[in-house]
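This report describes selected features of a two-chain model, taken element by element. The sequence and structure come first.

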Amino acid sequence: MGRRPGYATLAVLRALAEGPGYGLDIMARTELPSGTVYPLLARLDRDGLARARWEREAVAAAEGRPRRRYHQLTARGRRELAAMLREWRPLTDPLPAPGKARPEEA
Amino acid sequence: MSAGGRDRQRAPRGRTGPGVAAARALIRLAGVLVPGGRRAAWRAEWEGELWQLRDDGRRSLGFALGAFSDAAGEGWQILGRDVLRHDLRQAARGLVRAPAFTVVAVLTLALGVGANATVLSLTSGLLFRPPPGIGDPEALVQVGRNADPTAFDNWSVPAYEAMAAASGGALGGMTAWSAAGAVVGRGSDARSVAAHLVAAGYFRVLDVRVGPGRVPLPDDGPVVVISERLWRERFGADPGVPGRPLTVNGRPFTIVGVARDGFAGADVFRAPADLFVPLAHHAVLRGRDDGALQDWERSWVWVLGRRASGVTAAAVRDALAPVVARLGGAGWLVPGTAVQVVEGVGVRPAERAAVRPVAALLLGLAALVLAVACVNLAGLAAARGSARAGAVGVRLALGAPRGRLVRELLVESMLLGILAAAVALVLAAACAPFLDDLLPTAVAVPFTPDLRVAGLTLLLGATAGFAFALPPALGATRADPAGALREAGRSATGGPRRLRSALVAGQVAVAFAVVAAAALLVRSVMNAAAARPGFDASGVVALALDPSLVPEATAGQTLALWRAVRAGSAAVPGAGSVGLVSALPVVDGQRSRTPLPPGGLPTAGPPPPPVILVEADAGYFAALRIPLVAGRLFEAADEGPMQAVAVVTRALAERFFPGASPLGRPLPFAVGDGPPPTVVGVVEDHQQRSLTDPPAAAVYLPVGSGAPLDLVVRGSGPPHRLLREVAEAVAAVRADLPPRRAAVLSELLARSTGGTGVAARFAAVFGSLTLLLAAVGLYGVLAQAVAHRRRELAIRRAVGARAGDLAALVARHALSVVVPGLLAGGLLTLAASRAVAGFLYDVTPGDPTVLAFTGLTLVLAAALAAAGPTRAAARAEPAEALRRP
């Protein structure tokens with residue numbers, strides 16, 4: 001991966017770990033906006049952490065809706081997720097207090 | 001729903017609201033960014049899922065907005081790689097392979113963009129950039145005093161202290177400062193510098209870094225903080241400077257610290273300060289205690305504050321208003337005084353109002369220069385495009401995708417623009433040190449382009465490249481490959497060339513407008529310099545001297561000093577009348593003051609209208625040839641601190657003594673501590689505040705109060721030699737009294753034309769630039785036409801046309817461009833005249849002389865530009881027709 005993955009990547013990977021899903025589905029599971037989820041799914045696909053597959057025409061036709069594109073975690077994706085979960089620690093440190101002391105002046 | 005599966009799949013179109021329709025349109029639009037190969041699948045996925053949201057218009061819209069970042073990401077995957085790895089290299093190679101085109105195109109555009117970068121730097125420095133060295137300047141406020149809403153005046157020290165004591169909650173700190181002249185060093189080493197007297201907390205409130213050394217403390221003796229500039233120039237940046245003695249105005253001070261980061265005071269429109277002296281030591285600096293720190297009637301300090309976090313300027317005003325109202329009620333301030341608080345530091349409201357129209361005019365003129373440069377760029381790109389048409393045709397014929405070519409050309413155009421912007425920034429940085437000299441007042445800010453200006457300039461350059469270099473280059477890819485091959489090197493189609501001629505006509509029009517603006521402004525400056533403003537400045541020199549800068553400056557001794565200086569100057573060969581005055585008319589903008597009624601403190605009611613108070617001697621009126629109307633001028637016996645008599649202007653006499661002679665009567669208001677002086681003479685009205693304000697009511701008082709004065713000398717010889725000799729005569733009297741300003745009065749007046757002068761100087765440069773660019777543009781279009789018509793010209797020659805006929809063909813082409821251009825330019829000038837009207841002095845925008853001069857200049861430039869192509873046409877050889885296919 002080109003850059004350090006952030007919280008959104010982790011969230012999408014976890015959502016995919018629950019099972020294959022299409023974009024809107026992943027949005028619902030992660031509560032992330034479309035502008036975040038879709039580029040992430042595309043990136044996971046390029047990096048080989050997830051794989052996208054169009055559902056069969058017959059299934060969509062039977063349900064009377066357009067075809068869905070399902071995203072599924074690959075074995076590499078699973079390993080990456082496990083590694084990330086080990087790395088992430090809850091952020092509990094309080095913020096450092098702002099401000100600096102100034103010397104007194106005439 | 002009875003429709004079959006397939007129909008239902010398409011059904012969403014039918015039963016959706018406007019939100020969903022808009023969302024679908026957004027997704028289709030975003031899809032354009034996705035590379036062609038993946039676009040269909042990308043749209044299918046997004047549109048498919050949008051279908052599920054078909055009942056919720058708002059969610060659909062939010063969902064569709066996300067499609068843009070996804071599409072941009074997809075597009076960047078391909079574009080980013082290809083643009084960086086391939087196109088950029090290809091574009092750079094293309095530019096290097098055509099060095100003549102690249103150099104001329106970059107320079108042409110750089111001139112246009114550079115004009116803008118320079119004006120942007122100037123505007124940014126004067127209006128948008130705080131003076132250097134101040135920390136978090138956005139949180140600072142200026143606190144002004146006004147009796148009428150347009151004023152923004154300074155305060156007395158006691159009034160400032162009363163406000164500072166009451167400002168606790170709203171302000172994190174309040175401070176004050178005042179400018180003063182000073183001389184550092186002694187004897188022949190003495191140098192005149194600008195000093196600021198600063199109140200307690202000055203460096204803390206402004207958040208100025210001081211070091212080496214420290215800020216002044218309350219227990220310090222006479223100490224001074226020096227500027228970084230003085231530290232480097234006089235002390236070689238020695239870190240051991242704190243603690244060293246420094247002679248200021250002949251008196252011993254101790255350096256406590258060095259103000260860093262280029263800090264030179266909190267005021268943009270003032271010479272950079274080199275010394276910062278605590279207000280508490282002002283008596284040491286001046287050599288006498290005139291009680292200014294306790295005097296409620298002397299308003300002389302500017303007040304600044306730092307807002308507490310979350311407090312607005314209006315809240316600061318509300319916090320200070322009760323104090324000011326109380327002081328007004330108690331008679332300590334002029335009744336009706338209100339407090340005014342403005343955000344930011346360095347530029348006062350009146351200065352901002354004065355600079356803004358000048359900046360707008362200059363930006364407008366610079367934009368016109370850029371427009372003219374862009375047309376030339378388009379012409380160059382078109383010529384290069386047709387020269388490359390063959391190569392492009394070959395690539396297209398071999399199956400290169402047109403999109404690829406377009407992208408290469410796009411990158412090349414932007415690269416050209418960015419190169420030009422880089423050159424423009426170098427030009428602007430090189431011009432920066434000279435901008436000071438173009439302004440009527442000294443300024444304390446640098447004009448080197450800052451990051452904001454650099455960003456804008458790059459954007460301007462890239463946009464110009466994109467908008468003007470790309471379309472003509474694209475035109476070359478549109479031709480059908482076979483045609484391009486066949487036609488390569490032969491005549492171009494008429495369409496683009498007609499457009500080109502029209503564009504050059506536009507250039508001529510714009511050049512006309514810019515040159516006309518320049519001519520009008522320069523004419524105004526000349527008119528102002530030649531005006532007889534009620535006094536005669538020709539042959540007069542002026543030297544500003546401050547007697548408080550020498551050690552033994554008591555009133556009696558200053559008068560002796562003035563008399564010695566006067567006598568010394570009068571002995572200079574060629575010197576005529578010699579006089580003294582506390583403020584030069586127009587140049588120093590003789591300020592008006594509100595006179596106090598007899599009895600001292602103001603009573604209730606509206607404040608009396610202001611009058612101008614000036615100290616002068618009899619020699620001043622003689623030197624400036626201001627005629628005496630009645631009574632007498634001052635005599636030697638009048639001079640001194642008493643100021644018991646006064647000379648008034650005719651306007652004042654008519655205002656305060658209507659229908660009666662004022663001679664022998666006291667003024668109806670006090671001008672100092674004593675009783676109102678008696679009027680002994682009346683002089684003719686003359687310009688005082690500026691060359692355009694009507695003459696104001698003024699009171700002249702005898703010299704001798706100890707105030708700094710200008711020595712004015714009228715002489716018969718060349719004024720610069722007179723100036724040198726008078727300066728030598730003054731130095732012979734007191735070597736440690738270097739003049740703060742020594743200049744020829746008429747030159748000072750020419751600089752005092754304010755915005756008009758600045759605008760005129762810039763417009764003159766911009767006018768020359770546009771003239772040059774338009775001439776180059778005309779030359780380009782004619783030369784290209786002649787080159788294209790070589791064969792035709794040769795055939796004409798072969799069938800009997802004379803050389804003169806061929807030259808006439810080109811000349812007619814030139815006229816067909818220039819004449820409509822001139823007409824349009826004249827109309828444009830009249831239409832845009834409102835933009836310059838406010839700056840004009842004694843000339844109207846439609847002035848026939850100026851328009852004729854402008855037209856003649858352009859015709860001359862056009863003739864020069866057409867000369868080469870005309871001669872080339874006349875030289876066409878009949879044999880050429882045979883040689884060229």
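## Basis of the description

Helices (H or I, at least four residues) and strands (E, at least two) are DSSP runs, numbered from the N terminus. This is a predicted model, in which local features need pLDDT of at least 70, side-chain atom pairs count only at pLDDT 80 or more, and totals for chains, interfaces and linings use all residues. Residues are numbered from 1 along each chain as its sequence is written, while chains are lettered from A and ligands numbered from 1 in the order in which they are written.

## Backbone features in chain B

B:Pro212 belongs to strand S4 (residues 210-213) of chain B. The peptide bond that leads from B:Gly211 into B:Pro212 is cis, with omega near 5°.

Two residues other than glycine have a positive phi. For B:Ala237 the value is about 55°, and the residue sits in the loop between helix H8 (228-235) and strand S6 (245-248) of chain B. Burial is judged by counting other C-beta atoms, placed from the backbone, within 10 Å of a residue's own: 20 or more make it buried, 12 or fewer exposed, and numbers in between partly exposed. B:Ala237 counts as exposed because it has 12 C-beta neighbours inside 10 Å. B:Arg625 has a phi near 55° and is located in the loop between helix H17 (618-623) and strand S15 (628-631) of chain B. Its 17 C-beta neighbours inside 10 Å are why B:Arg625 counts as partly exposed.

## Strand S3 and its partners

Strand S3 (residues 191-198) of chain B is mostly covered, with seven of its eight residues buried. Strands are treated as paired if DSSP finds at least two bridges between them. S3(B) pairs with strand S2 (residues 171-184) of chain B in the antiparallel sense over eight bridges, and B:Ser178 stands opposite B:Leu197 in S3(B). The hairpin of S2(B) and S3(B) has six residues between the strands, and B:Gly185 takes a positive phi near 85° there.

S3(B) also runs parallel to strand S8 (residues 275-278) of chain B, to which four bridges join it. Here B:Val198 is placed opposite B:Pro278 in S8(B).

Four strands of chain B form an open sheet in the order S12-S19-S11-S20, with antiparallel pairing. Strand S12 (575-581) and strand S20 (741-744) of chain B stand at the edges with a single partner strand each, so one side of each has no neighbour in the sheet. On average, neighbouring strands of this sheet are turned by 15° against each other, direction ignored. Within the sheet, strand S11 (residues 540-545) and strand S19 (residues 709-715) of chain B run antiparallel and are joined by six bridges; B:Ala542 stands opposite B:Val712 in S19(B).

Helix H19 (residues 719-733) of chain B lies across S11, S12, S19 and S20 of chain B, at about 30° to S11(B). Axes are lines fitted to C-alpha atoms, for helices over the stretch in contact, and angles run from 0 to 180 degrees between N-to-C directions. Contact between two residues requires that their C-beta atoms, placed from the backbone, lie within 7 Å.

B:Ala764 is part of helix H21 (residues 754-788) of chain B. Not counting residues up to four places away in sequence, B:Ala764 touches B:Ala518 and B:Val522. The C-alpha atoms of B:Ala764 and B:Leu521 are separated by 8.5 Å, although these residues are 243 residues apart along the chain. B:Ala764 counts as partly exposed because 17 C-beta neighbours lie inside 10 Å.

Helix H25 (residues 848-874) of chain B has 27 residues and reaches 36 Å from its first C-alpha to its last, close to the expected 39 Å; the expected span is 1.5 Å times one less than the number of residues. A kink of about 35° lies at B:Ala867, shortly before the proline B:Pro869. The bend at a residue is the angle between axes fitted to the seven residues ending there and the seven starting there. The buried residues of H25(B) include B:Val850, B:Leu858 and B:Pro869.

Chain A comes to five helices and three strands, in the order α-β-α-α-β-α-β-α from the N terminus on. Of its 106 residues, 27% are buried.

The contact takes 26 residues from chain B and 19 residues from chain A. H4(B) gives the largest share of the chain B side, nine residues.
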